[in-house]
Amino acid sequence: MMSLRIEILNEGGFRSDGRRQYELREITFDSTTQASSDGSARVTHGLTEVLVSVFGPREARVRSQTLHDRATIHVEASIAPLSTGDRRRRGRGDKRILELAAMIKATFEPVVQTSLYPRSQIDIFVQVLQQDGGVLQAAINATTIALINAGVPLTDYVCAVTGGAHAAAPMLDLTALEESDLPHMTVASMPRSGRLTLVSMETRLHIDRFEEILRLAGEAGAVIHKEMRAVVKERTKGLLEGMSIGLRVSKAAEEDAMVENE
Amino acid sequence: MIISSVDRRRPDADVRTGEDVYMEEEDDAFEMTAESAMKITSPGESITSSRAFMRGHGTYVDGDEVIASVTGVIERVNKLVTVRALRTRYNPEVGDLVIGRITEVQPRRWKVDANARQDAVLMLSSVNLPGGVQRRKLESDELQMRNFFEEGDLLVAEVQAFFADGAMSLHTRSLKYGKLRNGQLVSVPPVLIRRLKSHFCSLPSGVDLILGLNGYIWISKHVRDDEREGEEGFDAEAVYSNRNDDIDDATRNAIARVSNIIRALASRSVPITDAIVLEAYEWAIEQDADVKDLLLEDVADALIAAITTKEELTGPW
């Protein structure tokens, strides 16, 4: 008999959206949005879409919260009501949103070299535009790119991915459908050192699965890191090309001016 | 096996070549030759050994390695290795010309937003007071600081010194500096402004340009040298005035055209110098394009192409 429930992993080893167990969804990065910010990034993992804008380091707006030896990181998250199925408006004080912001802050505090900017503040604004599972992972990956675009010094990239387990089979990069059914966790890793800056679990996960998922998430982080780095370097190359055009033109113009003066 | 697919937004981008470059960079035999001077690095990438080199800005040391902390170009001066980011906040140096906006009036000082990591400080003792350049400041001056600069006022100043926490102190003790009026502010990334012989430029169309090293650019109506306030004595009324002069339509058009040219150049990451702006301005006049059209993508591309090819035609000789 056909059950009404969608099969998470069918006998052929495919998931409900046609992926294999360890296959990640399509990732896109776009750094061209939000020209008014110091750095921004729009990242999609499949249908999940997050936009992050970074401002700073800049003068701290709340003087009482400034630290004399390092910069403070301020994260503000918002979830668009249209981003999910149940069109619920979440205010700024909503517990889910505050928790998302707190987790992003905790993830990046050990990675950003805040001691270089005493008394300053780095503002990170996270906007969730579409959710289909893995909102935290998308937000963390977008924040990494946005911080790099803003020229904020980081000790390393932070690459996040969700992992879950169906029966005994671990899976990566869960969709909303899978997230609602499976025990899962989000892991943010730093590829150079292999250290983790965040492991977040909201459901109970069997201890035997935990180690395997953690290892897989580390490997997936390395894959995401490669993609991120390629995008960042391509953008930097584009900026450099513009700079070199300008250098050539200004040099030529200077020589023209010298000839005219003679 | 973990598989991922990426849409890079640009079909011409070849993922393979990107990886090959990356493999080369991972070579531990690091030699700083002329070619590698333009090498792009990004956070967490090992640059060189910390035994042989000293770490500079944009890097940190972990064990035996010097590691990049920002994405940008590796630069080397003798034993010092730095990574210069292409998009970052303004890093002030003493003597820099900056344009700023007053954010706060405090006892005996103003706070100025100058696109740096902290607001700059403009002391009451670092501005020209009415009634002679040599005058000492009085208690009455402290009470009427808003008569000189108010919140939101724009000013051009020079970086005078730094405080212990790295905040910069400005001064406007020259007739060239002071409050800005009769114009428009354009903001570009600070790396696009290079140090020039003069940051005050006059374009032939009756437009003055002030290129602040912090990425703020002021475009205003041209003021003839003999009309400049404060040449004969010091006229506080005129220097701290909040009123614009009459600006005719032709000048307004020219100001708008220059500001759109600068926006177009900045959107393509082309450094802003007086020579480039002048060249682009001549091109815009030749094309007889509408001022607002300069902001269109294809017009901006044509502008960049025009100033590049012109340079190639005339050649460096």
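Q: Two strands pair if DSSP finds at least two bridges between them; which residue of β12(B) stands opposite L97(B)?

A: This is a predicted model, in which local features need pLDDT of at least 70 and side-chain atom pairs count only at pLDDT 80 or more, while totals for chains, interfaces and linings use all residues. Residues are numbered from 1 along each chain as its sequence is written, chains are lettered from A and ligands numbered from 1 in the order in which they are written, and side-chain values use heavy atoms, with hydrogens and water left out. Strands (E, at least two residues) and helices (H or I, at least four) are DSSP runs numbered from the N terminus, and in chain B strand β9 (residues 97-106) pairs with strand β12 (residues 154-162) in the antiparallel sense over five bridges. Within that pair, the residue of β12(B) that stands opposite L97(B) is E158(B).

Q: Which residue takes a positive phi in the hairpin of β12(B) and β13(B)?

A: β12(B) also pairs in the antiparallel sense with strand β13 (residues 168-171) of chain B, over four bridges, and there A161(B) stands opposite S169(B). Five residues lie between the two strands of this hairpin, and the one with a positive phi, near 95°, is G166(B).

Q: Which residue stands opposite V156(B) in β14(B)?

A: Strand β14 (residues 178-179) of chain B is another antiparallel partner of β12(B), joined by two bridges. In β14(B), the residue opposite V156(B) is G178(B).

Q: Which are the edge strands of the open sheet of four strands in chain B?

A: This open sheet has mixed pairing and the order β2-β7-β8-β4. One of its pairs joins β2(B) to strand β7 (residues 72-77) in the antiparallel sense over two bridges, with I40(B) opposite V73(B). The strands that pair on one side only, and are therefore the edges, are β2 (40-41) and β4 (54-55) of chain B.

Q: Which residue has a positive phi of about 50° although it is not a glycine?

A: Most residues other than glycine have a negative phi, and most peptide bonds are trans. The residue asked for lies in the loop between β7 and β8 (80-85) of chain B, and with a positive phi of about 50° this residue is N78(B).

Q: Where in chain A is the place of P57(A)?

A: The peptide bond that leads from G56(A) to P57(A) is cis, and its omega is near 5°. P57(A) has its place in strand β3 (residues 48-59) of chain A.

Q: How far apart are the end C-alpha atoms of residues 41-77 of chain B?

A: UniProt, in an unreviewed entry, gives these residues the annotation "domain: Exosome complex component N-terminal"; UniProt positions are given in the numbering used here, feature names are shortened, and annotations may be inferred rather than shown by experiment. Over this span the chain is 0% helix and 57% strand, and the distance between the end C-alpha atoms is 17 Å.

Q: What area do chain B and chain A bury between them?

A: The contact (heavy atoms within 4.5 Å) takes 63 residues from chain B and 62 residues from chain A. Buried area is the accessible area, found with a 1.4 Å probe, that two parts lose on being put together, summed over both. Of the area buried by the two chains, 56% is on carbon and sulfur atoms, and the total is about 5,200 Å².

Q: Which helix gives the largest share of the side of chain B that touches chain A?

A: Eight salt bridges are found across the interface of chain B and chain A, a salt bridge being a side-chain nitrogen of Lys or Arg within 4 Å of a carboxyl oxygen of Asp or Glu. Among them is the one between K111(B) and E59(A), whose closest N and O atoms are 3.6 Å apart. On the side of chain B that touches chain A, the largest share, five residues, comes from helix α6 (residues 297-314) of chain B.

How values were computed. Pairing = 2+ DSSP bridges.
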